[in-house]
Amino acid sequence: MRDLLELAVSASATGCVYALLALAYLVMIRPTGIINFAVGEWAMVGAFGAFLAVTKVELPYPVGVAAVLACMFVVGWATERIAVRPLVRAGAPLLAPILALLGMLVVFRESVALAFGPDPYPVPYPLGFGRLELGPLAGSYQSFFIIGTTLATFALAWLFFERTLAGKCFAAVAIDRRAAALVGIDRTRVAALSFAAGAVIAALAGLLVGPNVSAHYLMGVPLAIQGFTALVIGGVGRVEGALLGGLLLAFAEQLTARYAPLPPGYAQGVPLALLMLFLLVRPTGLLAERGARA
Amino acid sequence: MKRCKLLIGALALGATGIVAGGAMAQDPIRIGVITDKVGPARPYAEPITEGVVYGAEELNRRGGVLGRKIELLIEDDQGRPDISAAMARKLVDAGAAFILSLSLTQATQQQQTVTMETRTPQLTPSNSGDTLTTQIANPFFWQTGPLGSTQIATLLSYARAKNLKRVALISDNSDLGQLLAKFFRAGLEKSGIQVAIEEVVPRGATTAEPQLQKIRAANPDAMFMAGVLTPENVLILKAYRQFGLKFPIHSSYNLSVPQYSTVAKGLLDGITFVDAYDPAKPEVKAFVEAYEKAKGKTPYNLHGYGYDGIRLVADAIGRAGSTDKEAVRAAMQATNFAGVMGAQGMKYRFPDGKRTGFDPEGMVVRVYEGDRQGRVVHVGTR
Amino acid sequence: MKPLARWLAAALVLSALAFALSSYHNDVYRKLLLWVTLALGYNFLFGVAGQVAFSHFAFYGIGAYSIVILTFQAGLPLPLAIVAGVALCVAVALAVAIPSTRLEGFYLALATLALAQLFIVVLNEGGAVTGGAGGLADYRLPAILGVRVTGPWYTVVIVLLMLGTMALLARLDRSWFGRACRAVRDSPEAAAAMGVNVARTKVIAFTLTSALAAVAGMAYAFVDNTVNPPIFGLENAFLLLFMVIIGGAGRQAGAIAGAVALYLLPFVLSPLIGHHHALVFGVLMVAAILLQPRGLIGLYDALRRRAA
C-alpha cells in the first residue's frame with residue numbers, strides 16, 4: 001500500500017510531463033491540423049536553457065525560467081515562419097509541414113549536439129533534492145513541484161480555451177478554417193501564436209523533467225513519442241484529454257514496471273501493446289470533442 | 001568564366017599537392033581509425049579518438065615507427081555497423097596497415113567480416129563485449145578493452161568479504177548495457193550468488209522509482225549496476241537516495257567517467273565501481289601531465305584506452321619490422337606491453353593464442369569519496 | 001528499344017559496374033542497391049498507396065534474421081528457408097495490416113512504430129535464437145548446386161533483386177491494382193463508391209511491400225555475414241521516409257534518386273565537414289521540402305521543361 005501511494009506520486013509527476021507535451025501538440029494541432037514532432041526537441045532546448053540561465057549565468061530560478069520561456073516563445077514563432085507558413089501559403093498537403101518540422105527536429109538536435117557535445121548537463125532544481133511526505137503520499141520535491149506546476153498550466157489553458165475570446169478564436173479556427181477567416185479571424189496570426197505557445201509549453205515540460213533526466217542531446221525523441229502517445233489516448237478534442245492521456249500512459253508504464261510478472265525487457269513493450277489495443281477499440285481518444293457549443 | 005578559372009586553379013593546386021606527396025622520401029604508415037561522430041557510441045568514441053590522435057602525435061614527435069611517420073585515417077561510421085564494415089573496406093583499400101575500432105561493439109563485430117577476409121590486423125582498445133572474440137575465429141582481431149566478465153569478477157572478489165547471498169541487478173536497454181547485464185548475471189550465478197531481481201530502466205525514462213521500489217521490496221544484500229547510459233544511471237541513483245536505501249551499490253566501469261561528478265552531484269558518496277584506470281600509477285601521472293601540456297585539458301580513463309590502443313599498434317609494427325600483415329599479426333600476438341590502463345604493473349598480453357589482452361587481474365575497484373573518484377581499494381579477482 | 005531489352009541492358013550495365021569497382025566501392029554499391037530496393041517498395045506503400053507506415057525497415061530485419069535462423073539453426077536448405085521466411089513475413093504483415101486498416105493516417109503510423117520498437121525488443125531479448133545484443137555471425141551463404149556466390153557476383157544477385165522489385169512494382173503500378181491504390185490514397189470514399197474494396201486494397205499493398213522488404217533483408221544477411229539489432233534501428237524507418245519524400249513520392253525515379261542522394265550524402269560530407277554532416281542533413285531536409293515539395297524528380301522535371 002505504501003508502495004502504491006508512493007508510485008502514484010511518481011507516476012503522476014511523469015504523467016504530468018507527458019500531459020504538458022500532449023498539450024503542446026494539441027495547441028498546435030487544433031488551429032492548424034499540423035502534428036509537430038519537434039516538441040521533444042523544444043523540451044530539450046528548454047532544459048539546456050535552464051542549465052545556461054540558472055546554473056551558468058546564476059540568475060534566480062524564476063527569472064531564469066521566465067527568460068527561457070520568453071526565448072522559446074520566439075523560437076516557436078520563428079519555427080512557424082520558417083517551416084510552416086510558406087508551405088501553408090503554397091497550399092501544400094498537410095504532410096509537407098509535418099515533414100518539414102521533422103527536418104527542424106534534426107536541426108534543433110544537431111545544433112545542440114554541436115554546441116554542447118554528447119555529455120549530459122545538470123538542470124537546476126527549483127526546490128532542491130529531497131523527499132516530501134504528505135501523510136501517506138511521499139515523493140521527491142521535484143515530483144510535487146511538477147504536479148503543481150502542470151495543474152496550474154492546465155487550469156490556465158482551460159480558462160483560455162473555454163472562457164476568453166482569443167481562446168474561442170483558436171477553437172473557431174479549429175472547427176472550420178475557412179469560416180473563421182470569413183468572420184475576420186486572422187488565421188496566420190493564430191497559427192504563429194499557436195506555435196509560440198506550443199514551444200513555451202514544451203519547454204516548460206523540459207524544465208520540469210530536466211532535473212531528473214539531465215539535459216542531453218538525445219532526450220527529445222522519447223519525450224516526443226510519449227507525449228504523442230498521451231495525446232492519442234486522450235484525444236485531440238479537449239484540453240483535459242491531454243492531461244488524462246498523460247496520466248493514463250504514465251500509470252500504465254510504471255504499474256507494469258512495478259507489478260507485472262514479466263522479464264524486464266518485455267515490460268517496456270506493455271504500454272506499446274496497450275496503445276495498439278487502444279487504437280483499435282477507441283481510435284478517437286478517450287474524450288470526444290464537445291458538440292458545436294463554442 | 002570566373003568559376004572556370006577557379007576550378008582550373010583548384011585542380012592545379014591539387015596536382016602540385018599530389019606531386020609533393022609523391023616526392024617525400026618515406027611514405028607514412030597508415031593506421032585506420034573507425035569512430036562514431038554522430039551516433040549512439042559518440043559519448044565514448046569521441047574521447048577515445050582524442051586519445052588515439054594524441055598518442056599518434058606523441059609517437060611522431062619521437063620519430064614515428066620504423067623511421068616513418070604515423071598517418072591516421074579517421075572514418076566516421078555514424079554508429080551504424082553496416083557502414084562500419086564499408087569503412088573497414090575503404091581503409092583496407094587505402095593501404096591501412098592496421099585498423100583501430102572505437103565505435104559500437106556490433107560495429108567492431110561487423111568490421112571483422114572485412115578484416116578476416118582481407119587478413120588485416122584489427123584492434124579494439126575499448127569494446128568490452130565478451131562475444132567479440134568468440135563469435136568468429138578471426139586470427140587478425142584483438143581486443144584490449146576490459147571484458148564484462150572481468151568487470152563482474154573483480155567486483156565480486158572485492159565484495160567477497162561482504163558475504164553476499166541475494167543481490168539485485170539493474171541496467172538499461174542500450175545494446176551495451178544489455179550485453180554487460182548478461183555477463184554480470186552469468187558471473188554472479190557462477191559464484192553462487194542468487195540474482196533475486198533484475199530490472200531495466202529503458203532509455204528515455206523520466207524516473208527509476210518503480211524499478212527501485214521493486215528492488216527495495218526484494219531486500220537484496222547489494223545492487224549491481226550494469227547500465228552504461230549516464231542519464232539513466234543518474235535516475236537510478238536519484239531514486240536510491242530519495243528512498244534512503246542502504247544496501248551497497250557496485251557498478252560497472254561506466255561510473256568511472258568524470259561526467260557523474262557534475263550530473264550526479266551529491267549522490268555518489270560510498271558507491272564502489274570497477275575501473276581500468278589507477279590515477280596513482282606513475283604512467284598515468286606522466287600521461288595526464290603531458291596531455292594537459294599539449295592539449296590544455298585534462299584527459300580521463302577513456303582517453304587512456306585510445307592512447308594505449310595506438311601505442312599497442314605502433315609497438316607491434318615496430319617489432320614486426322615492417323607493415324607486412326602476417327608479420328604484424330605475429331608481432332601483435334606476441335605483445336607484452338605496459339600502458340596507462342590497468343592496475344600497477346599490468347601488461348597487455350595475448351597468452352596461449354588468446355585474443356583478449358586485458359589482464360583479468362588488471363582491473364581495480366574504486367570508491368567515491370563525496371563526489372570525487374577515490375583511491376583504489378582493491379585489485380584483480382583474487 | 002523494347003522494354004525487355006531495356007531491362008536486360010540495365011541489368012548488364014549495373015552488373016558490369018560491380019566488376020569495375022574497388023572492394024570498398026563495391027560494398028557501398030551493394031548496400032546502396034539494397035536501400036534503393038527498400039525505397040522502391042516503400043515508395044509503393046507510401047507514395048502510391050498512401051500509407052504512412054514505419055514497419056518497412058522492421059520487415060527488412062525480420063527477413064534478414066529469419067533466413068539466418070531458418071538456414072543455420074533450423075537447418076533448412078536455402079530455397080526452402082527463403083520460402084518459409086517470406087511466409088513468416090506475410091503472416092506478420094497480415095496480422096498487422098488487417099486490424100490496422102481500420103486505422104487511418106497517423107494511427108497506422110503509430111501502430112507500425114510500436115511494431116518496429118517491439119521487434120528491437122524481441123531481437124535483444126531473443127537469447128540464443130537471435131543472439132541478443134551481439135546478434136548472429138559466423139555463417140556464410142551456402143553453396144547452391146555446388147556454386148558459392150561471392151564478391152562481385154553477389155552484387156549481381158542484388159542488382160537482379162533490385163531490378164526485379166522495380167519491374168514488379170512498375171508493372172503493378174500501371175495495373176488495375178495500382179490505380180485502385182492511388183484512388184484509395186486520394187479519397188477512400190470515392191474509391192469505395194467506384195467499387196474498390198478499400199480494406200482489401202490496403203492490406204494487399206501493405207503485405208506485398210512488406211514481403212519485398214523481407215526478401216531484400218534476406219539478401220542483406222549475406223552481405224557482411226552478420227546481423228545485429230543496431231542495423232535495424234528505428235531511425236532507419238525515418239530515413240527511408242525522407243528518401244522517398246526528398247526524391248519525390250509516388251514515382252520510382254524519385255525513390256531511386258532520393259535513396260542514392262541520402263545514402264551517399266554522409267559519405268561525401270563527412271570527410272569535408274566532419275560531424276556537422278548531421279546538421280546539414282536536417283537543413284537540407286527542411287530546404288528540400290520548402291523549395292521543392294515534389295522532390296528531386298520534380299526539380300528534374302522543372303529543369304527539363306525550362307530546357308525545352
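Tutor: The account below begins inside chain C and then turns to its neighbours.

The model is predicted, so local features need pLDDT of at least 70 and side-chain atom pairs count only at pLDDT 80 or more, while totals for chains, interfaces and linings use all residues. Residues are numbered from 1 along each chain as its sequence is written, and chains are lettered from A and ligands numbered from 1 in the order in which they are written.

Chain C is assigned domain 1 (3-232) and domain 2 (234-308); such bounds come from an automatic or database domain assignment. The C-alpha centres of these two domains of chain C are 21 Å apart. Their contact draws on 21 residues of domain 1 of chain C and 17 residues of domain 2 of chain C, where two residues are in contact if their C-beta atoms, placed from the backbone, lie within 7 Å. On the side of domain 1 of chain C that touches domain 2 of chain C, two or more residues come from each of helix H2 (23-48), helix H3 (56-72), helix H5 (105-125) and helix H7 (151-174) of chain C. Helices (H or I, at least four residues) and strands (E, at least two) are DSSP runs, numbered from the N terminus. H2(C) gives the most to this side, with twelve residues. By class, this side of domain 1 of chain C has 17 nonpolar, four polar and no charged residues. Here Ala, Val, Leu, Ile, Met, Phe, Trp, Tyr, Cys and Pro count as nonpolar, Asp, Glu, Lys and Arg as charged, and the others, Gly among them, as polar.

Next comes the contact with chain A, which takes 25 residues from chain C and 27 residues from chain A. H5 and helix H13 (277-291) of chain C each supply at least two residues of the side of chain C that touches chain A. H5(C) gives the most to that side, with ten residues. The classes there are 19 nonpolar, four polar and two charged residues.

Chain C also meets chain B, in a contact of 26 residues from chain B and 25 residues from chain C. At least two residues of the side of chain B that touches chain C are supplied by each of helix H3 (81-93), helix H4 (105-118) and helix H6 (175-190) of chain B. H3(B) gives the most, with seven residues. This side of chain B divides into seven nonpolar, ten polar and nine charged residues.

B:Gln78 lies in the loop between strand S2 (70-76) and H3 of chain B, and its phi is near 55 degrees, a positive value in a residue other than glycine. Most residues other than glycine have a negative phi. B:Gln78 counts as buried because it has 24 C-beta neighbours inside 10 Å; a residue is buried if 20 or more other C-beta atoms, placed from the backbone, lie within 10 Å of its own, exposed if 12 or fewer, and partly exposed in between. B:Arg119, in the loop between H4 and strand S4 (122-124) of chain B, likewise has a positive phi of about 55 degrees. With 13 C-beta neighbours inside 10 Å, B:Arg119 counts as partly exposed.
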